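Reader: Please take one part of this model and go through it closely, beginning with the place where the two chains touch. I would like the terms spelled out with their cut-offs.

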Amino acid sequence: MTSLASPVAADSATAIHDSLRRFRRSADWKPLEYLFWCLPVAAYFLFPGNYLLLSQIAVTSLFALSLDLIFGYAGIISLGHAAFFGVGAYTVGLLGMRGMGDPLTGLVLAALFAAILGFFSSFLLLRGSDLARLMVTLGVALMLYELANKFSGITGGVDGIPGIEIKPVLGLFEFDLYGRTGYIYAVVVLFVLFWIARRIVHSPFGQSLRGIQMNAQRMPALSVPVNRRLVAVYTLGAAYAGVAGAVLAQTNQFVSLSVLGFENSADLLLILILGGTGRLYGGLIGAIVFIVAKHFLSDLNPQYWQFWLGLALVLLVMYARGGILGTASKWLEKRRQRAQSRPVGGAA
Amino acid sequence: MTILFDGIAFGMLLFLISVGLSVTLGLMNFVNLAHGVFAMVGGYVCVVLLNDWGVPFLATIPFAIIVPGLVGVVLERLLYRRLYEASDLDQVLFSLGLVFMAVAATHYFFGARQQPLHLPAFLSGQIHLPGADIGVYRLFLVIAGIVVAVGLQWSVIRTSFGARLRAAVDNQRTARGLGIDVNRVFMLTFALGSALAGLGGALGVEMLGLDPEFPVKYLVYFLIVVTVGGGGNILGSLWAALLLGVADVAGKYYVPQIGAFIIYAIMVVILIVRPQGLFGRAHH
């Protein structure tokens, strides 16, 4: 090391080190996150009569998480994510009908089949605009819906598959009538998959996805194979959605045709947008707000609920584009800036 | 032969409703999933006038055109205009919200049942030709579709309003510089698209049925016509609608066990081979 080069090299080394450290720190668990994960535990003790609703929230959270992976991180807009959810649910349903009701095997197979479908349909999404992607994802979901509807010999058609027999988890915990086991099971699955997703989005792979979302043309210059990354994340998102569908089928012990429906996809997109995209927690918070609101409002009248839902969407687009988390963080940012500028202003 | 004709009539109906969407989506770049709402408004205006007020069917048609057109103007002024520059996603969510509200409101006012429509005698019945039985109403639909298609194509290409519209779409800033009131052009275009949807909705009650879920049920069909036909292309929409109509009717007749699967498959294949649609020009 010569006298001139070393300070520069050292400077740039510390700069790189600093930015890397900041980057690594962003992957650490924060206090708020620990607090958030106390919620499902608290809910278990606070609302013992509502396990079915609670597990619905957990399933929807997982489903929203899966969409966040492909939409929030990779920017692939989808109006047909219910396809993978439905594949997962029907996998469990059909296995259950044949007496293969082991829950964990069901999850793995559901993830596998959904991932296969996701892998192959992802190639359809590499070309074309947002609108074309929207139509293709919608088209794939509708095709599956039609197939499930018409091949009623296998899928039960409109009647669905009632009374699936699910064996106890790990041979120990039986699914009870009140959904207690179901709730714990759904939350554990959600947490494990969330943890994995969190690792993934903070990995170099996850960062390259963000890069693709920001500027897909520039990423090849950083030697990121854009298409391969998109295929990978779409397949992953599909597998996640498949697991969500599987958990739904297992906790409800029922599969209906509506899991594949358009409204399922549209609601999901709304949930994610409501919570905030690209933050992992957005989908979870959106799911909590959505399901709770739906539960109370549709008790009043199912049609009113749809009206308020529509109104919420319109207002969201007009006034709060980042969703709950996006708006909250914008607000916090503003407050922080104001707090920072105040002492400086006083000194000058 | 009868199936072919039914398919064509169905396609004409789809064309009537979707051509407005083709304009907003293709020319104004607005992903308006709420387009079916305007068709539904037209349908309900027609049915209410006919059944509750005893207005003859043909006399209800002008109202079914004007009312959705006015609704279109109001919504465009109040809401749509603010979102012209927004992302596709925002437009999708916004218009989806409108659909939900419209469906719920229709439920509230008219109930969930299918609305009945009694056609006048001179429009019902069939004409028996060698080799084909042609429903009079279907023939009426085909003629209406052709008239609208020719009229629209002519007005976009030949009239000064059409020229201003094309200019406003191709380059808004230059068009403004040339003294074209782009906002007004867009508003009128939007109203025209809504009015046509209303016409299609009213004429379609007999064939498509009419209930509060109408905008959701047929949304996919309208979108298919536009995306396959290539946005903003009137003749493209016409061909796409006819193709879709014939494929759907024939598919449901010959292979009922897979139903609507065929048209979805056709759409996906076309979009993969030509993402800009069959007749669209790539403009991004």
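Author: Chain A gives 34 residues to the contact and chain B gives 34 residues, where two residues are in contact if their C-beta atoms, placed from the backbone, lie within 7 Å. This is a predicted model, in which local features need pLDDT of at least 70, side-chain atom pairs count only at pLDDT 80 or more, and totals for chains, interfaces and linings use all residues. Residues are numbered from 1 along each chain as its sequence is written, while chains are lettered from A and ligands numbered from 1 in the order in which they are written.

On the side of chain A that touches chain B, at least two residues each come from helix H6 (130-150), helix H11 (262-275) and helix H13 (302-319) of chain A. Helices here are DSSP runs of H or I with at least four residues, numbered from the N terminus. H6(A) supplies the largest share of that side, 14 residues. By class, the side of chain A that touches chain B has 23 nonpolar, six polar and five charged residues. Ala, Val, Leu, Ile, Met, Phe, Trp, Tyr, Cys and Pro count as nonpolar, Asp, Glu, Lys and Arg as charged, and the others, Gly among them, as polar.

H6 of chain A also packs against the buried residues of H5(A), as do helix H4 (82-97) and helix H10 (226-252) of chain A. Buried means that 20 or more other C-beta atoms, placed from the backbone, lie within 10 Å of the residue's own. Among the buried residues of H5(A) are A:Gly106, A:Leu107, A:Phe113 and A:Leu117. Helix H5 (residues 103-122) of chain A has 20 residues and spans 28 Å from its first C-alpha to its last, close to the expected 28 Å; the expected span is 1.5 Å times one less than the number of residues.

H10(A) has a further partner in helix H3 (residues 51-73) of chain A: their axes come within 8 Å and cross at roughly 170 degrees. Axes are lines fitted to C-alpha atoms, for helices over the stretch in contact, and angles run from 0 to 180 degrees between N-to-C directions. H3(A) is therefore roughly antiparallel to H10(A), a term for angles over 145 degrees. Residues of H3(A) that take part include A:Val59, A:Phe63 and A:Tyr73, and those of H10(A) include A:Tyr234, A:Tyr240 and A:Leu248. The contact of H3(A) with H10(A) consists of 17 nonpolar, four polar and no charged residues.

Conventions:
Buried ≥ 20, exposed ≤ 12 C-beta atoms within 10 Å, placed from the backbone. Parallel < 35°, antiparallel > 145°, perpendicular 65-115°, else oblique.
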